[in-house]
Structure formats: C-alpha cells, structure tokens
Amino acid sequence: MSAILSAQDLNDFIGPGLACINPVVVNRSDTNQGATEIQIDSSGNPVEVSVDDGLSNTTATAATQLTPAQINLSDCLACSGCITSAESVLVSLQSHTELLSILRQSRGESAEKDLNGKESKNPKQVFVASISHQSRASLSAAFNISVDAVDAKLVTLFRDILGFQYLVGTGVGRQVALAYSAQEVLLKSGKKSDSPSVVQKTPVLASICPGWICYVEKTHPHVLPYLSAIKSPQQITGSLLKRLIREERGVSADEIYHVSVMPCFDKKLEASRPDFVTGEGVRDVDCVITTKEVVQLLLDENLDFMNISEAGDARTGGLQAMAPKLWPVEKSWESSDGSSSGGYLWHVLAALGDEITRSESKPTDLKVVPGKNSDMVEYHLVAIDGGKEVIVAKAAQVYGFRNIQNLVRKLKTGVKTGGRTVLSARAKKSGTATSTATLAPTEYDYVEVMACPGGCINGGGQIGAPTTDGDAVGLREWRDMVENKYRGMRSSAVDRYAVQHWAETIWGSDIDSLVRTSYRAVEGFDAKDGVPAVLVGDKW
Amino acid sequence: MPIKQVHSIPAHVDRIWNLAPHPTLPLLATATSDKAAQIYSLNTYFPVAQLDGNHKRSIRSVSWKPKTGGNSEVVLATASFDGTVGIWIRDNDRFVQDVGSTGVIDDSGSIGLEEWEFVASLEGHENEVKGVDWSCEGTYLASCSRDKSVWIWEADESNEEFECLAVLQDHTQDVKHVAWHPNEELLASASYDDTIRLWREDDDDWVCSGEIIGHRSTVWCIDFDKMTGDGEARLVSCSADETVRVWSRQSMTGKIGSRDFPSTFRSDPVSENWQQEAILPQRHSGPIYAVSWSGRSGRIVSVGADGLLIVYQEVNKGEWVVIAEEEDAHSVFEINTAVWSKKWKSTAPHGQEGGAEKDETNPDNEEIIITGGDDGNINIWEVTIQK
C-alpha cells in the first residue's frame, strides 16, 4: 500500500516561483549602518546591536528591537514559491496529523495548551467531512472497488472509526456552483431577459481551480476582470454545512470542524483565503486533506481500507443519517454531466442552449472542435435555423500550464488574437492541411480553466498509478481508469431554478454571500523597495 | 602553428555572450550586454544591422531560423535577460546582398544598415532567458531560463504568432543552454543541476525522454554531432568541471516525431538511453563555457574561462586528440562562445592579411572558428592542419 504514496510527486503542475512572497527586505538606503549583530536580551527578545571594531555595543540606546520575521501558511501557500517537495511534504503531512490531533483533543484524550499554559477553550465538538467526486473516483480505482463500496466504507471510516457526526459528498455545493455559474454567463452575455446585476467581461473564466487563481493573482493581474465570481463547490459546501449544523445542533460555528477531501494541494490554500473566514475567525473549511493523505492517515492508524466494513445499505440509511436534515442527500453523492472537473462548461452551454430554444424556438446542438492537444477543446453551440446551423455561442476547455500560457497571452490587450489557424505540426508532416482550433478567447463566452492536465481527476493529490511489477500501469492509462470510475458514478441533471430556490430558502436573501467571492492582485515584491536577503534556490 | 587568427572585430564595448552564424547566408548574429543584437557580414566582417528598441536587458543568446523550402524570410530569435525572446525578420527590400557587396549603398554612396522588423515577443519565463534554438526544420523554437524550465513554442507561417506547446520543468536548477538534433525532433538542455536532459514529443505532449548524468558541475553548453547516421545521435557537452564529454544514444523506445522506430509495445513511453562515449583530453583549467561540433570536418572546439581555445579531432570512434591549442585567445579575458562556420569567400578589407581564397579542392579551408569573449571582440580563426 505504501507504493501508492509517493512523496516526490507533490506536483500541482504550475511550477513554484523563485522569490519568496514575504521576503526579508534589506534596506540598502540606511546609511548609518555599520557592522551589526543580533543578540538575545535579558527578556529573551532579539535585538540588533552595532559592532564597533569587533566589540558589540550593548547599551540600551545602541540596541534596536527586532520584530520577528513572520510567515504563516496562508502566505506560503499563496506564493506557491518555495514550497516544493520537502517543505510541502511536511505541510501536507501536518494536515492529516492535525486532524487526528484535533479529534483526540475533542475526545478529551489530549488537551492543547496555549502559550500561557492554559487549556484552549472551545475544543471542537462537531465534526463534519465533505468529499469530492474526484477523490472518491481515485479511491475506487486505487482499491479496485466500486464507488458505492468506497462510499460505504467511508461512512464506517468517518462515523465509527474517526468519530465524525456528518459526512457528505460535495455534489450539493457543486450543483449550486453550476447553477449560479450558468446564470452569471447568461446575464453577462445578455442572453437572458432579466436585468443584469453584474456585467462581466467576455469571456468568463472558471474560477474553481485555486492553482489557476493563485497564478493569475500573482503573475497575470490583467486576467482578473474575466474571472467568474462564483465560489467553488468546496467553499459553498462549507458555508452551507456550517449554517445548517449550527442551527440543527445549537452549537456555534467555531465549534464545528469541517474537513474536506480534495484531489489537490492547492485546495488547502483556497480554504485559508481571507475571503473565506468570517469576522469571528471561523473558516468555512477548516482543513483540506488530499486523497493521498487519506491513504496516509489509514497507514498511520494501522487501518486497511479493504477491511473496513461497508456501512449497511449505505446509499439510503448510512448516507442519509450522515447529512444535515435539510440536505438533499442523493444530490450530494451524485455527479453531473460534462467534464470530470465538474462540468462547468457543459452546464453553461446547456443553459445558453435552453435559453435560445425557449426564446427563439430553435433547437440547438453542440459541436466539438479539438485543439492542438487533448487539453484544449473548443465547443460551439449552434442553433438550427431553417436547416442552417448558426453558431450562437462558443466556449473552450483549457487545461494545463502550457495552454494557460496561450490563454493569458491572448487576453492581454494589444496582442493580436487568434482566429488564424495554425497548421498543426503533425498535419504539416503528413501533408494534409487539416486545421485545428486555436485559442481565441475574445470569441468565447466561457472558458473552463484547470491547472492540471486532464483536469481535477488528475490532480496533484490523487492517488498515483501503481508501479510495482506486474501491477504497473502507465500514467495515461491510469488517468483513463480513474476517469472511468468517475463516469460510472450516478449523475443527475441540474435544475437551475430548483437549486437556486433551495439555496435561497436555506441561506436567505443575501445569496451573494453564499455564492460570490472576489479576487485581487497579489502585490509582488518590488525591487525598488530593497533587495531580498535570500532568493530561493540560492546556493550558499 | 596549427591554428591562426585571421581577423578580429572589435565589435562591442562589453562582453559578447553568444554568436550564431546563419546556416546558409554569410551573416553572423551577436548577443551582447548591449540590449541590441548585431548582425555582421561574414564576407566583409562589417556590421550590417543593429536590432534594438525592444529588449530591456542584455541579449544572452541568438538563433537563426533554418531556411526551409520556399520561405525566403530571414528570421532571428534573441533570448534576453529581461525574460523574453524576441523574433526579428529582415526587411527583404533593404538588405545587404548575399555575396560580394559591402552594405546597402544609398544615394550618397555611403553604406547604410539593413532594416529589421521586430515582430513578436515571447513572454512567459519568470526571469532571465539563457538559451534559444530553432529545431532542424524551423518548426519549433525552444527557450530555457534561470526559472529552471524549458519552453517549446510553435510559430505560424508569418512568424508573428507563437503558441506555447510545452513548459518542461524537470530540471532542478537554472537551465543554461538548449540545442536541437540536426534532423530529428529531439531537444537537449544543459543545466546548473549538472545534468543534460533529452526531450521528445509523446502523443500530444512533450516529455523528458532521457537524462545524462556524469558531469560533476554545471553543464554550460551542448552541441549535437551533425554527421550521425539515420536514427543515431551523439552530443558533446562542456562543464564547469573542466571536462568536455561526448555522449551517444544506445537505445530508445517510442517514436520520434512522425517516424516510427522499432519498439516492443506501441504504448511504450518514449525514453532513451545515453552513455558516455569519451572524455576529451583535458586541457582546460577553469569552467568551459562553450563547445561546438563542426558539421563539415567533425572536429570539436571548446573555449572557457581560462582563455584557451582547443580543437579536437576524432581519430577513431570514441578516441579524440587535441590538434590545436591557443592560449589567451582573447588576451586576458574569458571566452564565452565558439562556433564553427562556413568560410565565406572574402576579399581582405584594407589590405589586412588573412583573407585566403576559398580552396575548392581542400575542404579544410572551408571552415572557420568564430569566438566571442569578455573583451567584446569577435575573433576569426582558421585551423591549418590537414585532416
């Protein structure tokens, strides 16, 4: 089983930057600096003292108090700078161990003391877990059992072994995200009769992928206006769960601990975004663990997943009991049409198509135009008007860093955009002049962007392909196997109006606080402020 | 003397990082700390163009697009410390004739410079771009950077629109140099992480198909053997570990480009196995910054921080001897780049010595070595030993 885990592939596909986002800045402009050294004073605080001719000057006036350099996890993950293999292993391993320690603490088996030696108040009382579809598919492929069997084992694992009170799939959060994403594009494209509340720039870019968001915020702020404002299923699920459980159990939100199982490490960053913390410091998602870390957790606790019993009649009895009362349980565990990253593009085009059919009484069809590689695909929504096909909307799926490069470049104003067909290199060699779609972002209504090649099903936190002799499976083949498990899940259609009605009933009229968020450019380190003391990658 | 300097062009005030002779025209491009690449005529050794106005920092590397088929455009790629690669096209209405003349002569009879147009800027690298190279048929352009990545681009027919095909991040340190195989779509890269990596297309993605480990320090430069047979590959590398080594490919799986090589299973991942064939006789006493493998004589030249210029010849497969050695080739300065070039027929300018006529019967006289150093000079050398 340890062959499943490989510490070295903590690759979330967008490479780390080189300079620390929170560098210690050395101000070269200080002119009165002679030689200095750092000492610890009598109360244990660091002070900087000047050194004259080799003798340190420890008088009170000569010493300057130093503030400790601070960097916390949010900063680090925001940067995705120096967090590479070694450190990120530590970070990720801390997460499931953090979970275990919090569980123990709540059972009274251990107590956490704060800096003054007092036991911290408010140990967590209610534990809830949510799990993504891609993680379930990954477990299903890795253990070679059906997704239903995985779900049944998960109930036993979380409820009986770990002591959780709630376990849900992220399907409900996803349905809400899909419904509001479709509405967002409809309003922006002017294809809906309702008055627009917010008008967005063409094209609308999916913002579910935190790796993509971080990259845009840090490196390409010119793309920010295009991003969809709709939150991801992870966060919507968290907000809904905490609201419902709070009311159901009469506990305060900070006594609820929400763990989310996700296919990648960047989701940890998303959970710790300041936008997703309430005024009282309560997070919608307290801890994200990846699919790989679930396996690691089992190993640490000496559990064999295959030996975990399947909670009887999980689909009805087990799962129903593990969800908050007002939670549509079936939808929670069901998947949706479209891509294995969530089907955002599919649902946006379906909504646009429905609108055309309804308002213009024309049937619609979807045409697929492959791009120059498997991670780039264009979709044309055509209306059939008197026997002729008219393109009414275009959308594209753009996965992987190399395709993202082309997307962000073409969204820069002043850059000539595509439309011109690039003869694919392969076609040139074979002599035929078949053309493939080139990215033309300004012609699209929506782009589903994911940082990982293949999308979320191939996330950096998914369980890797078996590599032991005899069982070894190629990477492409493994990705297809996990994808097939995903496709085998039950899926249901998204009734936009029903979903929105349900959400607004549960949440209240301030629905934007449930489904909308915003992004901002990350202020990069500016060279004119000084010089960073250390650049990551410097050899000492 | 087995080697003599036939000319020296005091081209730049500051160091020359890189030189590239055009594959078919008598043009030489220079990459210097000026933010402008320069083009020199290899007939007259006079400058014919200055490509400025775009880059914001030194040009580190230059590469000519191989002229293919009916396309008569002359295209140069410039890699800069400002993080971008510039693409420049010569204005075909105003350029120095290929053979003979000394410049664009305008109405007043004085020599002007060619017009070049800056047509595209390839952005994406996070910091200094160190190397750039076009593939054998000009289909792909590869760039490498201190950000540890190698990028592969594809241009459309106008050379103005470039698409990123791959961002390859397997190297663990600064990537110093990239070079393509002379006729396969195989890319090699050299890095501060002491390794050389090979890259090929697998289905619709580019992957690292092989890794060459052996050098004990930064690999500064690599060059492929241009005279290998079909399906063969050899490359020479030079390093801060003061060695020059030749490596050859022993075996491979999967396809290269559109050509199928025998492989047991069609779904084999592309991979290749390279072994060290030789360590060339050691003469350098400092980091070796550049190597070049002649496609005419099969000889190798190396230059480095110690100011030495060494020429090697293969006497038997895998056995190399030094046939020429020049100390202080750029006086006290380090030498950053060396390339073999066709020797163009040239009339000696201003009565200077060294303008030997091309000897049709003696192929040895067909080539020269061009070096560039920290002194800002371009030196031209001829090896006078018969093969």
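Modeller: Both A:Phe127 and A:Tyr257 are buried, a word used here for under 20% relative accessible area, with exposed meaning over 50% and partly exposed what lies in between, using a 1.4 Å probe and protein chains only. The model is a predicted one, in which local features need pLDDT of at least 70 and side-chain atom pairs count only at pLDDT 80 or more, while totals for chains, interfaces and linings use all residues. Residues are numbered from 1 along each chain as its sequence is written, chains are lettered from A and ligands numbered from 1 in the order in which they are written, and side-chain values rest on heavy atoms, leaving out hydrogens and water.

A:Phe127 and A:Tyr257 belong, with A:Phe158 and A:Phe164, to one aromatic cluster. Over all chains, the structure holds 18 aromatic pairs (rings of Phe, Tyr and Trp, the last by its six-membered ring, pair if their centres lie within 6.5 Å, and planes under 30 degrees apart count as stacked, over 60 as edge-to-face and the rest as tilted). A:Phe127 and A:Tyr257 form a tilted pair, with 5.8 Å centre to centre and 55° between the planes. This pair links distant parts of the chain, since A:Phe127 lies in strand S6 (residues 126-131) of chain A and A:Tyr257 in strand S9 (residues 256-262) of chain A, 130 residues apart; helices (H or I, at least four residues) and strands (E, at least two) are DSSP runs, numbered from the N terminus.

In chain B, B:Trp17 and B:Phe81 form an edge-to-face pair, at 5.8 Å centre to centre and with 65° between the planes. This pair, too, links distant parts of the chain, for B:Trp17 is in strand S2 (residues 16-21) of chain B, whereas B:Phe81 is in the loop between strand S7 (75-80) and strand S8 (85-90) of chain B, 64 residues apart. B:Trp17 has a relative accessible area of 17% and is therefore buried, and B:Phe81 counts as buried because its relative accessibility is 16%.

The ring of B:Trp17 also has the charged end of B:Arg15 over it, 4.9 Å from its centre, where "over" requires NZ of Lys or CZ of Arg to be within 6 Å of the ring centre and within 35 degrees of the ring normal. A further case in chain B is B:Lys176, whose charged end sits over the ring of B:Tyr192 at 5.5 Å from its centre.
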